[in-house]
Amino acid sequence: MPGVKEFFETLETRADASKTAGMTNSYLFDIDGAGRWTVRVEDGKVSVTEGGEDADAVITTSEETFEKIVNGEQNPTSAYMTGKLKVKGDMGAAMKLQKLF
């Protein structure tokens, strides 16, 4: 099971360009216990940088919850509804996130 760091390090090569085509959004993932990553999608091209302060949508969650979401063991919507995952900023941008996974 890949960890959070590996997930972000390999996201650029794993993102499906056919799904992200036309998307232009930025996301800051603040993963408690693991770190912060900024994911930018510019007309479908995904780039990831470690760290960051601001983005269209800021996603905050624990390392454990994030790993479960990535591995398909946790539904992101139910994680959000139960407060395990928090989103600040552009909810429309956040809804497009599923295209990255």
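Residues are numbered from 1 along each chain as its sequence is written, and side-chain values use heavy atoms, with hydrogens and water left out. Because the model is predicted, local features need pLDDT of at least 70 and side-chain atom pairs count only at pLDDT 80 or more, while totals for chains, interfaces and linings use all residues.

**Overall fold**

The protein chain has 5 helices and 5 strands; helices (H or I, at least four residues) and strands (E, at least two) are DSSP runs, numbered from the N terminus. Along the sequence the order is α-α-β-β-β-β-α-α-β-α. The C-alpha atoms fill a box of roughly 30 × 25 × 25 Å along the principal axes. The radius of gyration is 12 Å, which agrees with the value near 13 Å that a compact globule of 101 residues would have. That radius is taken over C-alpha atoms, and the globule rule is 2.2 Å times the number of residues to the power 0.38.

Of the 101 residues, 38% count as buried. Buried means under 20% relative accessible area, exposed over 50%, and partly exposed in between (1.4 Å probe, protein chains only). The protein chain exposes about 5800 Å², of which carbon and sulfur atoms supply 50%; accessible areas come from the Shrake-Rupley method with a 1.4 Å probe, and for residues only the protein chains shown count as cover. Among contacts (heavy atoms within 4.5 Å) with a separation of 6 or more, residues 24 or more positions apart account for 59%.

**Helix α1**

Helix α1 spans residues 4-14, and Val 4, Phe 7, Phe 8 and Leu 11 are buried in it. These residues lie on the same side of α1 because they cover an arc of only 90 degrees around the axis; the arc is that of the directions from the helix axis to the C-beta atoms. An α-helix has 3.6 residues a turn, so residues three or four places apart point the same way. The buried residues of α1 pack against β1 (25-32), β2, β3 and α3. On the face turned away from the buried side, α1 carries the exposed residues Glu 9 and Thr 13.

**Salt bridges**

The structure holds 5 salt bridges, each defined as a side-chain nitrogen of Lys or Arg within 4 Å of a carboxyl oxygen of Asp or Glu. The table gives some of them.

| Pair | Closest N and O atoms |
|---|---|
| Arg 36 and Asp 30 | 3.1 Å |
| Arg 36 and Glu 53 | 3.9 Å |
| Lys 68 and Glu 64 | 3.5 Å |

Arg 36 forms a salt bridge with Glu 53. This pair links distant parts of the chain, 17 residues apart: Arg 36 is in strand β2 (residues 35-42), and Glu 53 is in the loop between β3 (45-50) and β4 (57-62). Arg 36 is partly exposed at 28% relative accessibility, as is Asp 30 at 23%, whereas Glu 53 is exposed at 68%.

Lys 68 and Glu 64 are 4 residues apart in helix α3 (residues 63-70), which means a separation of about one helical turn. Lys 68 is partly exposed at 32%, and Glu 64 is exposed at 52%. Elsewhere, salt bridges that share partners join Lys 5, Glu 9 and Glu 50 into one network.

**Thr 61**

Thr 61 is found in strand β4 and is buried, with 4% relative accessibility. Its side chain reaches the backbone oxygen of Lys 84 at 2.7 Å. Leaving out residues up to four places away in sequence, Thr 61 touches Asp 30, Ile 31, Asp 32, Phe 66, Lys 84 and Leu 85.

Technical notes: Polar contact = N/O pair within 3.5 Å; in protein donor to acceptor, adjacent residues only side chain to side chain.
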